[in-house]
Amino acid sequence: MEPLDLTGVKEYASEIAQPLRDRLVEDICRRVKEAGAITTTAEYEIYRAEQLGLAEKEIKAAIAEQSGINAGAVDMLFGDILDKTVRFEDNGQLQQLAAAYKRITTQGANRLLKNLWAPGPDGKLYSIGEAYDKIMDFAFAQTFSGTTDVNTALRRATKELVKRGVRTIPRKNGSNVSIEYAMRSYVMNRMGAMTNAVQQMNHDKLGCDGWEISAHSGPAPDHAPIQGLQYPDVEYTKLNSGLARAIGTLQCKHIAWPIRMGRDKPVYTKQQLQRMLEENEAGVLYEGRHYTLYEAGQKQAELEAHIRNIKNKTLADDALGDKENLQKHQLMLARYRQEYSRYCKATGLQPRSARLQAAGFGRSEAARAAAAAKRGTAVMAKNNSPKMPSSGILNAKKVFQSPQEINAAALLIDAGLDDYGLPASVFSGRTLLKDKSCSALGRAEWSGDVSVREDAGLDTLVHELLHMRSANRLPNMVYSANIRIEEATVQLLAQEICRDNGIEILAHTYEKGVRYLQAINKTAKIAPTDLEFGQMLLNVPLDKRHDWLVERVDDFIAANNIPRDVAGGLRNLSYWFWGSDPF
């Protein structure tokens with residue numbers, strides 16, 4: 001940078017760096033006092049403080065004052081640490097950070113928060129305003145300066161917001177975002193803007209005339225065709241301004257760096273870029289559904305958001321002393337955690353524990369939630385009798401009071417079905433609500449979602465969620481070839497589970513098939529109860545279920561002196577379930 005470029009930047013750097021230096025010195029002193037030595041973390045923090053313009057002698061003086069250690073002892077502690085204090089005039093990194101920060105700040109930090117609103121004491125929504133802007137901006141400053149990592153900065157910043165009673169931030173359109181998501185979006189967007197500003201400064205200084213966009217696996221559809229390519233200045237500006245998400249904004253993972261067109265060789269060859277696109281399209285399979293790598297990452301983020309949301313609900317329940325809702329949300333949390341772990345393992349994605357964190361939800365809250373979930377699912381392990389209501393389903397019955405609670409009810413029921421010794425569910429965790437114009441009360445979608453009409457009851461949810469443990473585990477054609485045995489099995493078991501948990505059973509289409517199965521079990525005595533019979537049937541893979549039923553009937557007839565007309569009638573009942581004709 002030329003000397004003239006430093007005009008006003010030194011003062012700006014001091015304004016940015018002083019709060020960060022104060023935080024670093026405070027933490028260094030705490031660590032030295034506790035350990036009686038300079039730990040590796042403290043040594044790194046000393047290095048960062050010096051890079052932010054704090055002289056070593058100032059750090060030593062602070063340690064001596066705050067720790068009660070004499071100056072000579074402090075000098076000894078610093079014996080093996082090199083003094084890396086750099087004058088501002090010689091500190092190119094700090095100069096560039098300060099200049100870039102000044103440049104992006106003129107854009108108006110509040111603009112990035114224009115869609116985030118908070119309720120006032122009168123219940124109306126107002127702009128979040130300067131107070132939250134400053135808290136978020138401090139988290140950003142800690143991140144870009146290297147004072148702390150992004151997750152530590154987010155924890156500290158959200159802690160301050162939670163103290164002010166903010167856990168979620170409503171948008172003006174009525175939707176909500178968690179404070180963790182809002183904070184992370186803010187910091188990452190500002191980091192992108194900061195990177196862009198630094199790259200633009202380098203571009204101008206080096207006399208470059210073009211840009212190269214970085215490349216990574218699993219790119220978003222809008223950025224996939226342009227990643228890894230080089231563009232002249234005018235073309236890049238036109239391209240970037242036409243994107244819905246400009247490079248480096250809205251949590252985009254790409255960056256663009258300055259190049260000299262025709263002289264700087266691209267980082268990636270055309271073959272390498274094509275391979276990235278093919279790998280993204282090849283993606284992963286999860287429970288029979290294909291996801292591109294980008295889509296798989298989006299689903300992972302969706303599950304993480306659900307977990308943060310439920311953690312916040314448990315904290316609110318605990319604060320209000322609402323034991324019923326607390327238990328409900330603890331069970332839901334366990335279900336989502338299981339699904340998240342299963343999803344990451346099946347897709348090969350790395351779990352992101354930092355994105356599961358909710359401010360105020362620590363180890364004690366996690367332990368209590370795990371214990372509550374364990375109590376809620378211990379019944380089946382203790383006693384193998386089928387007549388045992390599931391705590392998850394009982395809780396669902398209590399919370400299903402409005403269409404808005406349908407997803408919570410579905411999650412609780414799905415967790416409760418685990419108590420009945422059934423195959424694992426392929427339920428996505430998402431329930432779609434349909435209006436009364438929809439012809440079917442419910443539908444188990446092949447995507448793993450469940451659709452229910454707004455006037456459906458809990459028995460419909462049980463029915464569709466049982467499909468997620470039966471037909472939806474297999475290709476669509478298997479269901480199409482075995483509609484009768486599938487629907488009758490699912491409805492028989494749904495009715496018995498509903499009776500077991502005190503859920504009202506509404507009229508349905510599959511009464512004939514259910515009566516036939518009940519008659520077969522009553523005569524052939526395949527299981528002691530219809531509930532156990534339904535469990536046995538659902539545990540047989542759908543493509544083998546009809547043959548299994550016919551064999552049980554034939555075994556009964558062969559082992560007993562059954563009148564010919566009774567045997568014939570029994571076989572006819574079992575044969576009725578063959579085929580794909582609808583009820």
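Modeller: A residue counts as buried under 20% relative accessible area, as exposed over 50%, and as partly exposed in between (1.4 Å probe, protein chains only). This is a predicted model, in which local features need pLDDT of at least 70 and side-chain atom pairs count only at pLDDT 80 or more, while totals for chains, interfaces and linings use all residues. Residues are numbered from 1 along each chain as its sequence is written, and side-chain values use heavy atoms, with hydrogens and water left out.

Biologist: How much of the protein is buried, and which elements build it?

Modeller: Of the 583 residues in the protein, 47% are buried. There are 23 helices and 12 strands, taken as DSSP runs (H or I, at least four residues, for helices; E, at least two, for strands) and numbered from the N terminus. Among contacts (heavy atoms within 4.5 Å) with a separation of 6 or more, 67% involve residues 24 or more positions apart.

Biologist: What makes the pairing of R545 with E486 a salt bridge?

Modeller: A salt bridge requires a side-chain nitrogen of Lys or Arg within 4 Å of a carboxyl oxygen of Asp or Glu. For R545 and E486 the N to O distance is 2.9 Å, so the pair qualifies. R545 belongs to helix α22 and E486 to helix α19 (residues 483-500), so parts that are 59 residues apart in sequence are tied together. Both R545 and E486 are buried.

Biologist: Which other pair of R and E residues qualifies, and at what N to O distance?

Modeller: R499 and E496 form a salt bridge at 2.8 Å. They are 3 residues apart in helix α19, about one helical turn.

Biologist: Why do R499 and E496 fall into separate accessibility classes?

Modeller: R499 has a relative accessible area of 47%, hence partly exposed, whereas E496, at 8%, is buried. The whole structure contains 13 salt bridges.

Biologist: How do you know that R245 and D222 link distant parts of the chain?

Modeller: Their closest N and O atoms are 3.1 Å apart, in a salt bridge. R245 sits in the loop between α9 (233-242) and β7 (256-259), and D222 in the loop between β5 (210-213) and β6 (230-232), 23 residues apart. D222 has a relative accessible area of 30%, which makes it partly exposed.

Biologist: Why is K525 called exposed?

Modeller: Its relative accessibility is 63%, so K525 passes the limit. K525 lies in the loop between α20 (511-524) and α21 (530-538), and its phi is near 50°, a positive value in a residue other than glycine.

Biologist: What makes α22 and α23 roughly parallel or roughly antiparallel?

Modeller: The axes of α22 (residues 542-559) and α23 (residues 564-576) come within 9 Å and cross at roughly 170°. Axes are lines fitted to C-alpha atoms, for helices over the stretch in contact, with angles from 0 to 180 degrees between N-to-C directions. Under 35 degrees is roughly parallel, over 145 roughly antiparallel, 65 to 115 roughly perpendicular, and the rest oblique. The two helices are therefore roughly antiparallel. Among the contacting residues, α22 contributes H546, L549 and F556, and α23 contributes L570, R571 and Y575. The contact residues divide into 8 nonpolar, 2 polar and 2 charged.

Biologist: Why are β6 and β7 called edge strands?

Modeller: The open sheet of 3 strands has the order β6-β5-β7, with antiparallel pairing. β6 and β7 each have a single partner strand, so one side of each lacks a neighbour in the sheet. On average, neighbouring strands are turned by 30° against each other, direction ignored.

Biologist: How do you know that β5 and β6 pair?

Modeller: Pairing needs at least two DSSP bridges between the strands; β5 and β6 have 3, in the antiparallel sense.

Biologist: In which sense does β12 pair with β10, and in which with β11?

Modeller: β10 (residues 431-434) and β12 are parallel over 4 bridges, while β11 (residues 442-444) and β12 run antiparallel over 3 bridges. In β12 (residues 450-453), V450 and V452 point one way and S451 and R453 the other, and all are buried.

Key. Nonpolar A, V, L, I, M, F, W, Y, C, P; charged D, E, K, R; others polar.
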